[in-house]
Amino acid sequence: MADDLGYADVGFNGCQDIPTPNIDSIAKNGTVCSNAIVTFPVCGPSRAGFITGRYEQRFGFVGNPPHDPEDRNAGVPKSEMNIAESLKQVGYKTGIIGKWHLGLHREEHHPLKRGFDEFYGHLGGGSKYLPEDLTIQDCYTAEPWQSYSCWIHRNYEPVQITQYLTDEFSKEALRFVDASKDNPFFLFLSYNAPHSPLQATEKYLSRFPHIEDPKRKIYAAMVSALDDGVGQLLARLKELNLEENTILFFLSDNGGIEEKSHSDNGPLRGQKGQIWEGGIRVPFAVQWKGVIPKGEIFEKAVTSLDIFATISELSKSPFHPNKPLDGVHLIPYLTGKIQEEPHPNLYMRMHTSNRKMVRSGSLKYVVPGKNQSAELYDLKKDLGESKNLASQMPETLELLKAKYNRWSKDLKDPIFLGNWERQQLLKKKKLLEKNGNIGMKSDPLQKSSLSKNQSLKP
Ligand code: CA
């Protein structure tokens, strides 16, 4: 999984200025899903959906978890089963390398408490990339604004890295595969690249003399380092003769943040954080040599939720009997054995901003924010979401609205205060203090431990 990688920033989706030959080889030896979406346009919730195979809105994980080791609620509830917890039950060795971002509470949410045998990475939403910038040993006592400067963890121990972080994660991935090669294994290689901050080493920067835009140049170098890592991993699987016995998924956790990183979502409207395609449609390719067709493009809608469903079906690993997966086993669709749409409908709710979406065939129903009217787009004819068909197709609009309402009635309100909401409340509190107004009845930040049914209205 890449982090904030733009839809059009890989060769297989048409990227011209950043060569990604290794990522492209997954597409060449497998299938590109050109119409793949994630469940939320920012990191934490998208990853919560991916790793549980269920819409994270079902369990109230609807914002990025804050840097707060005391907050037991800020993470995936233990009542949900994740991919690693499932695979462990059928004898898989499980590892996560890179970004976690699914909760900081040591007992409740550490990867080793959530089905993973090994962890090498950072617990929060991002990290600086240069060894000399990681100056804070203990992330548990660090202030929220210091979280990107913390040491990397090997399991529970902070360690100092010696090379560029992306290279560090790639090296670790090879170590994990070498150590696990005689067992069934699951590796979640969760690069934080090319998420901010924009940082790269000369080794990678020197590959892009042709890019003049300084931000795009660093971004390109970061993607290139990631691509090298993917190449090393693929080469090692080949050397160990594991290629035909390994299924590989490549995707980004959300769209590129074009304004800040100068990433490129190509023809898609919008960017990270938004409900438009640029926020949620991601580069996605699957390789399983000998099974999945080579060099094909699959255009029907798929979702990151399909990864768990596919893995569970192939490995016969369990999922919670009362909490069915929202994804489908993708293989028969990719091989053409099943011709129908894998997902007649896909949904999204962004609770705090009141954004709503249904994707149904090529139609997209979207409520872009609070007090805004519903809009309707036909993505097949209008990928850039520029022609709102709502007034032309009122009956379709109503039909999709009814679908959304049916889906959303089972969702939970937020179970923790997201990072953004927390910052807003902190600002409000500071402003009130500055103005000598101590009239707030309670400390708004105490709301971080919300009870299940409490509604959050920041
Ligand atoms: Ca992300």
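In the second largest pocket, β7 supplies the largest share of the lining, five residues. Helices (H or I, at least four residues) and strands (E, at least two) are DSSP runs, numbered from the N terminus. This is a predicted model, where local features need pLDDT of at least 70, side-chain atom pairs count only at pLDDT 80 or more, and totals for chains, interfaces and linings use all residues. Residues are numbered from 1 along each chain as its sequence is written, and side-chain values use heavy atoms, with hydrogens and water left out.

A pocket here is an open set of points on a 1 Å grid over the protein atoms alone, where a 1.4 Å probe fits, with protein on both sides within 12 Å along at least five of seven lines; lining residues have an atom within 4 Å of a point. Points are joined across faces, edges and corners, and a volume is the space filled by probe spheres set on them.

The second largest pocket comes to about 820 Å³. It is lined by 34 residues, and F185, L187, T246, I247 and L248 are the closest to its centre. Two or more lining residues come from each of β7 (185–190), α7 (214–239), β8 (248–251) and α10 (306–315).

Now the largest pocket, with a volume of about 1,400 Å³. Of its 49 lining residues, N64, N419, W420, E421 and Q423 are the closest to the centre. The elements giving two or more are α8 (258–261) and α13 (419–434), and α13 gives the most, nine residues.
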